[in-house]
Amino acid sequence: MDSIYLIGFMGSGKTTIANHLAKKLRLPVQDTDKMVESYYQMKIKHIFEKYGEATFRMYEQNMLSRSKKENCIVSTGGGIIETQENVDMLKSYQTIFLQTSWEVIVDRLKEDKDRPIWNNQQRDKLALLHKRTDNYMEASSFIVNTDGKTSTQIVDEIITLIK
Ligand code: S3P
């Protein structure tokens, strides 16, 4: 089976859904954020502080291209679609866009201290969500709206879509 890639904004539930989906389909999970941290031996927060976002994007792209293309659930970072190369890569995979409303995202991330972009007061995150939405759409084979749904419902929806 082709791997299933999950994309979406920070706080859209990619990690949770990936784990749930992997358990249900009995497949391993990869997470491009975790892959970056283990490959480059540095926390994402520190990569941003020390080298800046552009370097993180390079690392992230490298991990996306190294991810397992078969029999795996791959969860990605919210900015994975920032480059056209990544959008093109994702378009050639089985990619699901988890679409979540701004209100739900804000509520989920209200205590977050680890995400450099979310915690950067200079960044307009709502504008970023709007700007990224076209790319999420372009990169994905399917869109799943997550608002008001349990993870079981979302996972079942994904399974029906990919059949
Ligand atoms: C980012 C999202 C994060 C992580 C990094 C940058 C972004 O992943 O890759 O902090 O640009 O939206 P999550 O979507 O898992 O929070």
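Q: A nonpolar core is a set of buried Ala, Val, Leu, Ile, Met, Phe, Trp, Tyr and Cys residues joined through side-chain atoms within 4.5 Å, and buried means under 20% relative accessible area with a 1.4 Å probe, counting protein chains only. Which residues touch the most other members of the largest one here?
A: Ile7, Phe9, Leu64, Ile81 and Leu90 do, in a core of 30 residues. Among its suppliers of at least two residues each are strand 1 (4-7) and helix 7 (125-139). A separate core of 15 residues includes Leu6, Ala18, Leu98 and Val155.

Q: What should I know about the model first?
A: It's predicted, so local features need pLDDT of at least 70 and side-chain atom pairs 80 or more, while totals for chains, interfaces and linings use all residues. Residues count from 1 along each chain as its sequence is written, and side-chain values use heavy atoms, without hydrogens or water.

Q: What makes a stretch a helix or a strand?
A: They're DSSP runs numbered from the N terminus: H or I over at least four residues for helices, E over at least two for strands. By that count, the chain has eight helices and five strands.

Q: What is Ile81 in contact with, leaving aside neighbours within four places in sequence?
A: Contact means heavy atoms within 4.5 Å, and Ile81's partners include Ile7, Leu90 and Tyr136.

Conventions: Buried < 20%, exposed > 50% of the residue type's maximum accessible area, 1.4 Å probe, protein only.
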